[in-house]
Amino acid sequence: MILILKNGATDDQIDHVLQKVESMGFQTHLSRGTFRTIIGMIGDESLTTEQQLQSIPGVQQVVPVLPPYKLASREAHPESSVIDVSGVKIGGGNLAMIAGPCSVEDRDRMMRIGESVVKSGANLFRGGAYKPRTSPYAFQGLGEAGLKILREVGDAFGVPVVTEITDPRNVELVAEYSDMLQVGARNMQNFVLLTEVGKTKRPVLLKRGMAATIQDLLMSAEYVLSQGNPDVVLCERGIKSFDPSTRNLYDVAAVPAVQGLTHLPIIVDPSHATGRPDLIPPCALAGLAAGADGVHIEVHDCPEEAKSDGAQALLPEQYNEIVQKMAAMAELLGKTISPLPNSTTKHTPPTEALA
């Protein structure tokens with residue numbers, strides 16, 4: 001770390017800072033400039049905190065040289081990671097096409113939607129069995145019954161499935177039925193949940209919180225990585241804004257910004273970001289153009305009958321059209337929509353799914 005001292009710091013204050021830092025076990029390097037004096041610190045940063053250093057008289061600012069998200073940083077892992085979700089690769093030029101309804105509903109409807117999106121080119125099927133809703137009276141999901149339907153759809157069409165985990169107590173149950181665990185925006189900083197998810201062998205889809213900075217997102221990913229689970233995919237799904245014209249602010253600039261800081265793949269979710277079917281296709285293409293490793297889109301065959309978020313879902317024929325455009329853009333960018341695994345690839349048994 002680097003300590004920037006206050007203007008006019010006295011020699012006594014400078015000596016005190018040096019003595020204090022060295023007493024903590026750090027080596028120091030003093031540099032006096034015309035307007036600023038700085039002290040470089042070399043050593044084990046776990047021996048102190050930024051707040052403790054900031055409280056030393058004469059210190060104006062503490063600047064970490066390395067990011068606090070050690071495992072997620074590019075410094076720790078210069079090469080971009082490729083995450084394997086039951087045979088579907090994400091990252092390193094391999095694109096994820098995640099599609100499906102907001103909530104798992106009745107079996108026949110899920111089968112219809114699943115078949116249509118897979119035929120269009122989706123390589124992961126999504127649907128929520130547990131739904132964190134703003135209102136306690138809104139549809140909360142079908143629970144384990146929904147997980148069974150989701151698994152049945154995945155097995156029927158040979159596509160891995162991803163679903164949201166909302167409660168640490170349900171991690172083992174959800175991991176039993178799914179190929180990928182989604183941590184939603186509302187739970188991005190639920191550190192107990194992140195820790196439990198990190199103990200599984202399931203890849204994790206981590207969505208950016210509605211008021212979270214990029215560093216907040218990467219620190220949340222660090223919780224999962226620190227538990228021994230290296231398979232994390234980030235998701236930009238929009239952040240809160242003052243403008244009511246869209247559901248959220250689609251921060252497409254976050255994609256290249258994140259990629260400059262971390263080796264983890266990042267996808268975009270224009271459905272939650274915009275909340276408007278007319279904006280989803282162009283924003284999906286914009287996400288790919290910005291370098292995203294995939295696109296998450298909600299699809300429903302009858303949005304007016306959807307149990308949640310029907311207003312932001314594309315119809316199957318609309319999804320088919322945008323996938324064709326995304327495939328063309330992928331080719332232009334030198335990337336590939338990751339193909340589905342062959343028919344011999346099976347869902348990992350529950351006993352092998354957990355650490």
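Strand E9 (residues 161-164) gives the largest share of the lining of the largest cavity, three residues. This is a predicted model, in which local features need pLDDT of at least 70 and side-chain atom pairs count only at pLDDT 80 or more, while totals for chains, interfaces and linings use all residues. Residues are numbered from 1 along each chain as its sequence is written, and side-chain values use heavy atoms, with hydrogens and water left out. Helices (H or I, at least four residues) and strands (E, at least two) are DSSP runs, numbered from the N terminus.

**Cavity and pocket**

- On a 1 Å grid over the protein atoms alone, a cavity is a set of points where a 1.4 Å probe fits but cannot get out, and a pocket is an open set with protein on both sides within 12 Å along at least five of seven lines, lining residues being those with an atom within 4 Å of a point.
- The structure holds one cavity of 30 Å³ or more, and the space in the largest cavity is about 30 Å³, a volume being the space filled by probe spheres set on the points, which are joined across faces, edges and corners.
- The largest cavity is lined by Cys102, Arg126, Gly127, Gly128, Lys131, Val162, Thr163, Glu164 and Gln182, and this lining divides into two nonpolar, four polar and three charged residues; here Ala, Val, Leu, Ile, Met, Phe, Trp, Tyr, Cys and Pro count as nonpolar, Asp, Glu, Lys and Arg as charged, and the others, Gly among them, as polar.
- The largest pocket, with a volume of about 260 Å³, is lined by 17 residues, of which Pro132, Arg186, Arg247, His272 and Asp309 lie nearest its centre.
- The lining of the largest pocket has four nonpolar, four polar and nine charged residues.

**Helix H3 with helix H4**

- Helix H3 (residues 107-120) packs against helix H4 (residues 144-157) at an angle of about 40 degrees, with their axes 10 Å apart; axes are lines fitted to C-alpha atoms, for helices over the stretch in contact, and angles run from 0 to 180 degrees between N-to-C directions.
- That angle makes H3 oblique to H4, since angles under 35 degrees count as roughly parallel, over 145 as roughly antiparallel, 65 to 115 as roughly perpendicular and the rest as oblique.
- Arg107, Met110, Met111, Gly114, Glu115 and Val118 in H3 meet Ile149, Glu152, Val153, Ala156 and Phe157 in H4, contact meaning heavy atoms within 4.5 Å.
- The residues of this contact of H3 with H4 comprise seven nonpolar, one polar and three charged.

**Helix H10 with helix H11**

- The axes of helix H10 (residues 280-289) and helix H11 (residues 316-332) cross at roughly 20 degrees and come within 10 Å, which makes H10 roughly parallel to H11.
- Pro281, Ala284, Leu285, Leu288 and Ala289 in H10 meet Ile322, Lys325, Met326 and Met329 in H11, and by class this contact has eight nonpolar, no polar and one charged residues.
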